[in-house]
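Student: I would like to learn how to read a structure like this one, feature by feature. Could you walk me through it?
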Amino acid sequence: MTERTFSILKPDATRRNLTGQINAVIEAAGLRIVAQKRIHLTDAQAKKFYEVHKDRPFYGELVGQMTAEPVVVQVLEGENAVAAYRDVMGATNPKDAADGTIRKLFALSIGENSVHGSDSQDNAAIEIAQFFTDAEIVG
Ligand code: ATP
Ligand code: MG
């Protein structure tokens, strides 16, 4: 089933000029980038986005990292896009990520792990709506 997921190329990726290389892996996996923009997340945006983790010990560090440099927010479209993107992202900790995954190829650490991808269709819809209007998404 064709669906959409939400992606962020995180500050460790923009800082190292890796957005094109990561997009190439995304596209090679059969996902289409149907919306994309480079923005600098505000503290309020990052806190809202990661609110689910607000009681975790790494929350402050996470918000700090996500607001330190620009990010690229994206909408990806394809067959089972949520699961397909999670597969190509690889495990949260790059030490556990499979060969060929974005995090295995590029991530620096469990915190600076280069990409975010939605974990469910419900969250994908919520996250896409936080950053894109319908008119900005062009399949
Ligand atoms: P994301 O939500 O960014 O796609 P994920 O779903 O693989 O990643 P989550 O458990 O949702 O992982 O954690 C969200 C983010 O918080 C991770 O991507 C990572 O940047 C950071 N994070 C998670 N666990 C840790 C940790 N133990 N120490 C530092 N940062 C962490
Ligand atoms: Mg997550």
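Student: Let's begin with the ligand. How far from an oxygen atom of ligand 1 does a polar side-chain atom of T92 lie?

Tutor: The general idea is a polar contact: a pair of N or O atoms within 3.5 Å, where within protein one must be able to donate a hydrogen and the other to accept it, and residues adjacent in sequence count only if both atoms are side-chain atoms. Here, a polar side-chain atom of T92 sits 2.5 Å from an oxygen atom of ligand 1. For Y50, the distance between a side-chain N or O atom and an oxygen of ligand 1 is 3.3 Å.

Before we go on, a word on the source: this is a predicted model, in which local features need pLDDT of at least 70 and side-chain atom pairs count only at pLDDT 80 or more, while totals for chains, interfaces and linings use all residues. Residues are numbered from 1 along each chain as its sequence is written, chains are lettered from A and ligands numbered from 1 in the order in which they are written, and side-chain values use heavy atoms, with hydrogens and water left out.

Student: How many residues surround ligand 1, and which are the closest?

Tutor: A residue is near a molecule or strand if one of its heavy atoms lies within 4 Å of it. By that rule 14 residues surround ligand 1, and the closest are K10, T92, G111, N113 and H116. Areas come from the Shrake-Rupley method with a 1.4 Å probe, and for residues only the protein chains shown count as cover. Ligand 1 taken alone exposes 570 Å², of which the protein buries 81%.

Student: N113 is on that list. Is N113 buried or exposed?

Tutor: Buried means under 20% relative accessible area, exposed over 50%, and partly exposed in between (1.4 Å probe, protein chains only). N113 has 2% relative accessibility, so it counts as buried. For its place in the fold, note that helices (H or I, at least four residues) and strands (E, at least two) are DSSP runs, numbered from the N terminus. N113 belongs to the loop between α6 (102-106) and β4 (115-117). Its side chain reaches the backbone oxygen of I110 at 3.2 Å. Contact means heavy atoms within 4.5 Å; beyond its neighbours within four places in sequence, N113 is in contact with K10, D12, T92, R103 and A107.

Student: What is the phi of S114, and where does S114 lie?

Tutor: Most residues other than glycine have a negative phi, and most peptide bonds are trans. S114 has a phi near 70 degrees, a positive value in a residue other than glycine. S114 is placed in the loop between α6 and β4, and at a relative accessible area of 0% it is buried. N80 also has a positive phi, near 45 degrees. N80 lies in the loop between β3 and α5 (81-89) and is partly exposed, at 39% relative accessibility.

Student: Now the salt bridges. How many does a search of the whole structure find?

Tutor: A salt bridge is a side-chain nitrogen of Lys or Arg within 4 Å of a carboxyl oxygen of Asp or Glu. The search finds six. One of them joins D12 and R16, with the closest N and O atoms 2.6 Å apart; D12 is buried at 3%, whereas R16 is partly exposed at 29%. Another joins D43 and K47 at 2.7 Å, N to O. These two are four residues apart in helix α3, so they are separated by about one helical turn. K37 and E136 meet at 3.3 Å, N to O. That pair links distant parts of the chain, with K37 in strand β2 and E136 in the segment after α7, 99 residues apart.

Student: And the nonpolar core: which residues touch the most other members?

Tutor: In soluble globular proteins, nonpolar side chains tend to be buried together. A nonpolar core is a set of buried Ala, Val, Leu, Ile, Met, Phe, Trp, Tyr and Cys residues joined through side-chain atoms within 4.5 Å. The largest one here has 19 residues, and F6, M66 and F132 touch the most other members. α4 gives the most to this core, with four residues. Apart from it lies another core of 16 residues, among them I22, A81, I102 and V115.
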